[in-house]
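The following note sets out several points on the model shown here.

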Amino acid sequence: MMRKTSRGSRAEDWHPHAWQTQSLLLGYPDAHFARHLDLAARVAAGLPQPVARPLLDFTAHAGRTAPDDLATAYVATFDHRKRCCLYLTYYTHGDTRKRGPALLRLKQAYAAAGRRLSDDELPDHLAVVLEFAATEPDAGVRLLTEHRAGLELLRLALTDDGSPWACVLDSVSATLPALAGDEREAVLRLAAAGPPDEQVGLDPYATPVLLPDPTVRGPR
């Protein structure tokens with residue numbers, strides 16, 4: 001069934017398959033990750049070339065990399081480099097008080113779609129947003145496009161670092177509308193200034209990954 005997005009473009013039947021696969025590949029490479037690579041390769045065969053090709057590039061790289069080395073690279077990339085942060089509200093709000101309400105809005109969007117949540121992850125982790133988009137394409141694509149500038153900044157940062165996960169972000173980008181003029185300006189502003197850096201506690205807003213899939217997890 002064709003689904004109209006909030007920006008006038010149309011989500012295709014294959015979008016949920018792409019988003020679920022990207023979500024799995026952005027999780028921490030644990031003992032189950034090899035199965036995710038096999039699944040991703042099979043799913044990519046049915047996706048459009050611009051979405052499939054970077055997924056296959058990533059699965060090929062990950063498949064020939066020792067699991068411990070891949071896990072070490074994941075932590076070094078996503079846990080130790082703020083410019084490669086997987087938490088989407090960080091790009092617009094940093095660690096400021098405004099981030100709390102943004103996280104709460106995401107939690108409310110999940111609840112409105114009837115999604116049950118757990119307590120071990122924040123709702124703006126890209127793997128979580130992609131999983132949500134896979135199960136609720138209309139609401140999910142709105143969330144992804146709302147964070148388009150941050151996604152692009154993350155993609156560029158991973159590309160600049162030569163990270164293999166840049167391929168996954170290339171694939172995510174290929175599922176979304178092209179950057180509009182105002183979004184390009186937002187990317188440039190974020191790249192020039194970076195997110196706000198006021199430090200505040202976020203514990204009251206800690207919210208979860210979607211269930212029942214126990215395989216999606218963020219950085220340890």
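1. The structure holds 0 disulfides, a disulfide being a pair of cysteine sulfur atoms within 2.5 Å. C84 is in no disulfide, and its nearest cysteine sulfur, that of C85, lies 9.2 Å away. C85 is likewise in no disulfide, the sulfur of C84 being the nearest to its own at 9.2 Å. In general, a disulfide is a covalent bond between the sulfur atoms of two cysteines.

2. The model is a predicted one, in which local features need pLDDT of at least 70 and side-chain atom pairs count only at pLDDT 80 or more, while totals for chains, interfaces and linings use all residues. Residues are numbered from 1 along each chain as its sequence is written, and side-chain values use heavy atoms, with hydrogens and water left out.

3. C84 is buried, with a relative accessible area of 0%; C85 is also buried, at 12%. Buried here means under 20% relative accessible area, exposed over 50%, and partly exposed in between (1.4 Å probe, protein chains only).

4. C85 is placed in the loop between helix 4 (67–79) and helix 5 (89–93). Apart from neighbours within four places in sequence, C85 is in contact with Y90, Y91 and L154, contact meaning heavy atoms within 4.5 Å. The C-alpha atoms of C85 and L126 are separated by 9.2 Å, although these residues are 41 apart along the chain.

5. Helix 1 (residues 15–25) and helix 2 (residues 33–44) pack at about 155 degrees, with their axes 10 Å apart. Axes are lines fitted to C-alpha atoms, for helices over the stretch in contact, and angles run from 0 to 180 degrees between N-to-C directions. Helix 1 is therefore roughly antiparallel to helix 2; this term applies to angles over 145 degrees, with under 35 counted as roughly parallel, 65 to 115 as roughly perpendicular and the rest as oblique.

6. In the contact of these two helices, H17, T21, L24 and L25 of helix 1 meet F33, H36, L37, L39, A40 and V43 of helix 2. The residues of this contact divide into 7 nonpolar, 3 polar and no charged. Ala, Val, Leu, Ile, Met, Phe, Trp, Tyr, Cys and Pro count as nonpolar, Asp, Glu, Lys and Arg as charged, and the others, Gly among them, as polar.

7. The protein chain has 11 helices and 2 strands, taken as DSSP runs numbered from the N terminus (helices H or I, at least four residues; strands E, at least two). Of its 220 residues, 50% count as buried.
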